[in-house]
Amino acid sequence: MEKLTQEQREYEQIYHMIQNEGVIERVFQATQSWTDEQKVLKNNYENHLYMPILIRYFHKFQDKNKRLPSQSEYVDAYIKHSFKHLKNVKWYDDIHKEFITNCIIWRADRSYKSNLIEIITAKQLEMLGYTVFRHRYIDIIMGVDLIAVKDNKYWCLHITKNSKWAKDKIFAKGSYTDYTINHKLIMYRRNFKRHVRLLYDCENGYNNHVANGLPIFDNEYLMEKLDDYYSFEWDSEDNQLLYLIERLKGRKAESESFEFVSTDKKLIVK
């Protein structure tokens, strides 16, 4: 019997999840009962608490355990690390612990769902003939979820919820210029011009259908979005992935090497 690759095992894990417990998003939005103080607390947690360890957590869990975290594992880690960070900010007090825990759970649910959508979308694109890159440095430094390559062209993909808040956040991320990786400063100026936005809804619609809580893009929508206008020439001097590798190599020792491996292991860029 042929041994499954990690990618195949992860895809089967998602399929099993869809067939059984599904994916949940515990929405925690403002109600009339919320005080002004609670609204400020939620905004501070959502928009002003930078937690690098949680930005990398999903990818690191995959690398270490050779599988995906369950939703409960991911949410528990999110709660644990969030409270570690909250201890160091002045605007939080434990009297708000129950309220802020609900904020954390919603943020964790959204993040978990987003990661699963990225993995499923990468698999779909592979089946449509693309080679796909998904890596924590592409996410953290470039601000890009997936890079799809086909016929000597590539597309930079941003996957996000079809809401004003989520779409605005993509534009805000496009202004970042420096990042810290393993305690080393990486200078990289983002440029989201002609990048592709893949927008999902949490109910069946034109862009996607929903399988037991998990939005899955329709293939027709993906093909429509990855048109030539939004593509870049792979062999061009300003290849964004190659530029990222140059910036990363510049922060490593001369004896170290760095490479990106596509999700299907068929293409290595270094």
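A salt bridge, as I use the term today, is a side-chain nitrogen of Lys or Arg within 4 Å of a carboxyl oxygen of Asp or Glu. Hi everyone, let me show you some of these.

First, a word on the model. It is predicted, so local features need pLDDT of at least 70 and side-chain atom pairs count only at pLDDT 80 or more, while totals for chains, interfaces and linings use all residues. Residues are numbered from 1 along each chain as its sequence is written, and side-chain values use heavy atoms, with hydrogens and water left out.

How many salt bridges does the rule give? The count is 10.

Let's start at glutamate 46. Arginine 110 forms a salt bridge with glutamate 46, with the closest N and O atoms 2.9 Å apart. This pair links distant parts of the chain, 64 residues apart: arginine 110 is in helix α5 (residues 97-127) and glutamate 46 in helix α2. Helices (H or I, at least four residues) and strands (E, at least two) are DSSP runs, numbered from the N terminus.

Glutamate 46 also forms a salt bridge with lysine 42, at 3.7 Å between the closest N and O atoms. Both lie in helix α2 (residues 36-47), 4 residues apart, about one turn of the helix.

Are arginine 110 and glutamate 46 buried or exposed? Both are buried; that means under 20% relative accessible area, with exposed over 50% and partly exposed in between (1.4 Å probe, protein chains only).

Now compare another pair: lysine 153 and aspartate 228 meet in a salt bridge at 3.3 Å, N to O. Lysine 153 is partly exposed at 21%, and aspartate 228 is exposed at 53%.
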